[in-house]
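The stops below are given in the order in which to select them.

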Amino acid sequence: MSHVQDKPVSEVVKSGFGLAFIVYPEALAQLPWAPLWSSLFFFMLITLGLSSQCVAVEAVITTLLDQFPGFLRSRRLFLTAAVCLIFYLLSLTCTTQAGIYWINLIDHFCAGWGVLVTANLELISVSWIYGVNRFIKDIEMMIGERSWIFWLWWRVCWLYVSPCLMAAIAVWSLVTFAPPTYGLVEYPVWATALGWCMIIFCIMWIPIVAIKRVVQTEGSTVWQKISATCTSAPDWGPYLEQHRGNRYRKGPDSADVHLRCTTLSSP
């Protein structure tokens, strides 16, 4: 394409939405049997989008069902239809003439930092609060026991390497932050402020729910409340009795401090 258009590669191929919908189709059109490769490429994009949407929608539906099981469990079909309809109406903004700017704004703020912060908090919760050794024992209940050498690499990654790398990436992203642009168009200040509000709205529920759980937990001191909040529920372990094994047959050890799964994931 660079040779045909007599332009540098940097001017022909750029990252972003144009790469998938302009550059790749143009490149596929130059290949033999172009209709076949183009059909396979866009079929891949459709399946990728559908799979991502199914995961996102199911996460919202499952959260609502777990929070209000008595009211919504028997109305799952209506709940699914309502969630899909709301998302559909909200996404209509992205189909307008300014839709590409909205998509780029959302992608600029929400696609990176939200995942980094959430993943890092999950990793810290499992490795340092629940305990990496307990987590490994839970895995061995499913795959069988392994030697300490087998788990050495995973321990180092879960405890130190991955949290430090993700924290460094998040800090570097903040230090090198630049206001969003699309082509030669620079976003106004209110759009940048809206982008920060979107990412804050996505992340703020983690500390809010954590603080709520600590406040509602019984205890005479703050540390006792935090310890009790991070202690597993009495029925912690595999759901089916035949899968609980000796480790969870009589319930979790009260001397161990476990991470209760619902502590930070549901209000």
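Start by selecting Glu-58 and Arg-76, which form a salt bridge with their closest N and O atoms 2.7 Å apart. A salt bridge here is a side-chain nitrogen of Lys or Arg within 4 Å of a carboxyl oxygen of Asp or Glu. The pair links distant parts of the chain, 18 residues apart: Glu-58 belongs to helix 4 (residues 34-67) and Arg-76 to helix 6 (residues 76-91). Helices (H or I, at least four residues) and strands (E, at least two) are DSSP runs, numbered from the N terminus.

This is a predicted model, in which local features need pLDDT of at least 70 and side-chain atom pairs count only at pLDDT 80 or more, while totals for chains, interfaces and linings use all residues. Residues are numbered from 1 along each chain as its sequence is written, and side-chain values use heavy atoms, with hydrogens and water left out.

Colour the two partners by accessibility. Glu-58 is partly exposed, with a relative accessible area of 34%, and Arg-76 is partly exposed at 35%. Buried means under 20% relative accessible area, exposed over 50%, and partly exposed in between (1.4 Å probe, protein chains only).

The structure holds two salt bridges. For the other, select Arg-73 and Asp-66, whose side chains meet at 3.9 Å, N to O. Arg-73 counts as partly exposed because its relative accessibility is 47%, whereas Asp-66, at 52%, counts as exposed.

**The nonpolar core**

Next, select Leu-105, Trp-113, Leu-116, Val-132, Ile-136, Trp-151 and Trp-158, the residues with the most contacts inside the largest nonpolar core, which has 16 residues. Such a core is a set of buried Ala, Val, Leu, Ile, Met, Phe, Trp, Tyr and Cys residues joined through side-chain atoms within 4.5 Å. Helix 7 (99-110), helix 8, helix 9 and helix 10 (189-203) each supply at least two residues of this core. Its largest share, six residues, comes from helix 8.

Apart from it lies another core, of six residues, including Ile-61, Leu-65, Leu-72 and Val-83.

Which residues does Trp-113 touch, not counting those up to four places away in sequence? They are Ala-170, Ser-173, Leu-174, Phe-177, Trp-196, Ile-199 and Ile-203. Contact means heavy atoms within 4.5 Å.

**Along helix 8**

Ser-125 is found in helix 8. Is Ser-125 buried or exposed? Ser-125 counts as buried because its relative accessibility is 8%. Its side chain reaches the backbone oxygen of Leu-121 at 2.7 Å.

Val-117 also lies in helix 8 and is partly exposed, with a relative accessible area of 28%. Draw a line from Val-117 to Ala-167: they are 50 residues apart in sequence and 8.1 Å apart in space, C-alpha to C-alpha.

**The surface**

Now show the surface and select Ile-124, Trp-128, Ile-129, Trp-148, Ile-149, Leu-152, Val-156, Tyr-160, Val-161 and Leu-165, which make a nonpolar patch of about 970 Å². Patches are made of residues with over 30% relative accessible area and no salt bridge; like charges are joined within 9 Å, nonpolar side chains (Val, Leu, Ile, Met, Phe, Trp, Tyr) within 5 Å. The elements giving two or more residues to the patch are helix 8 (113-143) and helix 9 (148-175). Helix 9 gives the largest share, seven residues. Trp-128 lies in helix 8 and is partly exposed at 49%.

**The whole chain**

Finally, zoom out: there are 13 helices and two strands in the chain. Buried residues make up 24% of its 267 residues.

Methods. Accessible areas come from the Shrake-Rupley method with a 1.4 Å probe; for residues, only the protein chains shown count as cover. A polar contact is a pair of N or O atoms within 3.5 Å; within protein, one must be able to donate a hydrogen and the other to accept it, and residues adjacent in sequence count only if both atoms are side-chain atoms.
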